[in-house]
Amino acid sequence: MTTIKLRPGQPFDLDLTLSCGQAFRWEKAEGWWQGVVDGRAVRIRQDANHLTFSGTDAGFIRDYFRLDQDLPAILTSIDRDPAIGAAIRECRGLRIVKQQPWECLVSYICATNTNIPAVKRRVALMAERYGRPIDGPFGTAYAFPGPEVLAGASCADLRDCKLGYRTEYVSEAAAFAAEHPGWAETVAALPFEEARQVLMKFRGVGPKAADCVLLFSFGFFEAFPVDVWIRRIVAETYLPDLTGRSCTPAEYERIRRFAREHFGEYAGYAQEYLYCVRRTQ
């Protein structure tokens with residue numbers, strides 16, 4: 001076990017960070033969070049301003065949880081109205097993690113028109129069937145399979161991972177990523193809007209999935225994913241003239257551009273805090 005101390009003045013809340021729906025391979029058991037991250041089986045807990053963990057090193061933990069990011073400065077920059085101010089006070093310490101691009105892309109392809117438990121099952125089944133076994137601190141775990149492995153799987157076998165209509169999307173994404181191993185570096189080097197358009201060329205990746213991948217994996221913190229809950233919050237709090245219950249493409253575009261203008265370059269953090277406070281209440 002390794003223990004590190006959090007930097008003074010830099011809040012971090014492990015529970016809020018791992019329970020807010022941004023990553024799908026973490027579960028809490030007996031006071032410990034257990035997850036598989038970038039081929040590592042990690043076990044971690046927080047006690048006040050200390051993190052105790054096994055399965056990886058301190059550098060990885062700091063990088064994954066973005067512990068060197070100046071969170072108070074970010075929260076100050078987005079604190080522009082009473083609603084987000086209340087969310088910041090309630091959920092202070094939530095940080096956006098740094099996910100591996102390939103797994104994040106497939107996870108959010110699997111997240112269309114469904115709920116978080118279903119996404120977790122799909123991702124876990126792909127890992128168990130195709131991933132490399134890892135001897136971890138909580139038993140045998142499985143790394144998420146690389147694109148070349150999933151590209152070699154038949155659609156019939158992939159469908160057994162409960163992917164449904166998403167099977168072909170995952171298969172096609174795997175074939176592309178296997179053929180273009182530098183795809184993630186290409187996306188990371190682009191300006192935000194161009195990167196977004198590139199991701200939406202993957203079949204099954206719409207605006208929300210693209211924004212999630214850009215925010216949670218590539219560190220484009222201006223991304224503002226809009227799901228049914230965020231749309232409802234924005235309609236009730238910021239844009240009361242939004243009508244209907246579904247988010248049309250035009251509404252999605254209006255909401256994300258409003259958020260970027262209103263909250264600034266860290267609009268993605270505002271999205272996470274607004275979503276988080278909904279769950280805590």
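How do the residues of the lining of the largest cavity divide into nonpolar, polar and charged? They divide into seven nonpolar, three polar and three charged, where Ala, Val, Leu, Ile, Met, Phe, Trp, Tyr, Cys and Pro count as nonpolar, Asp, Glu, Lys and Arg as charged, and the others, Gly among them, as polar.

Before selecting anything, note that this is a predicted model, in which local features need pLDDT of at least 70 and side-chain atom pairs count only at pLDDT 80 or more, while totals for chains, interfaces and linings use all residues. Residues are numbered from 1 along each chain as its sequence is written, and side-chain values use heavy atoms, with hydrogens and water left out.

**Stop 1: the cavity**

On a 1 Å grid over the protein atoms alone, a cavity is a set of points where a 1.4 Å probe fits but cannot get out, whereas a pocket is an open set with protein on both sides within 12 Å along at least five of seven lines; lining residues have an atom within 4 Å of a point. Grid points are joined across faces, edges and corners, and a volume is the space filled by probe spheres set on the points.

By this rule there is one cavity of 30 Å³ or more, and the largest cavity has a volume of about 130 Å³. Select Ala 23, Val 36, Tyr 64, Gln 99 and Glu 103, which are the closest to its centre of the 13 residues that line it. Strand 3 (32–37) and helix 5 (101–109) are the elements that give two or more residues to this lining, and helix 5 contributes the largest share, three residues; helices (H or I, at least four residues) and strands (E, at least two) are DSSP runs, numbered from the N terminus.

**Stop 2: the largest pocket**

Next select Ala 111, Lys 208, Val 226, Asp 227 and Val 228, which lie nearest the centre of the largest pocket among its 32 lining residues. The volume of this pocket is about 830 Å³. The lining as a whole divides into 18 nonpolar, nine polar and five charged residues.

**Stop 3: the second largest pocket**

Finally, turn to the second largest pocket, with a volume of about 270 Å³. Of its 15 lining residues, Arg 25, Glu 27, Val 36, Ala 124 and Glu 128 are the closest to its centre. Helix 6 supplies the largest share of this lining, four residues.
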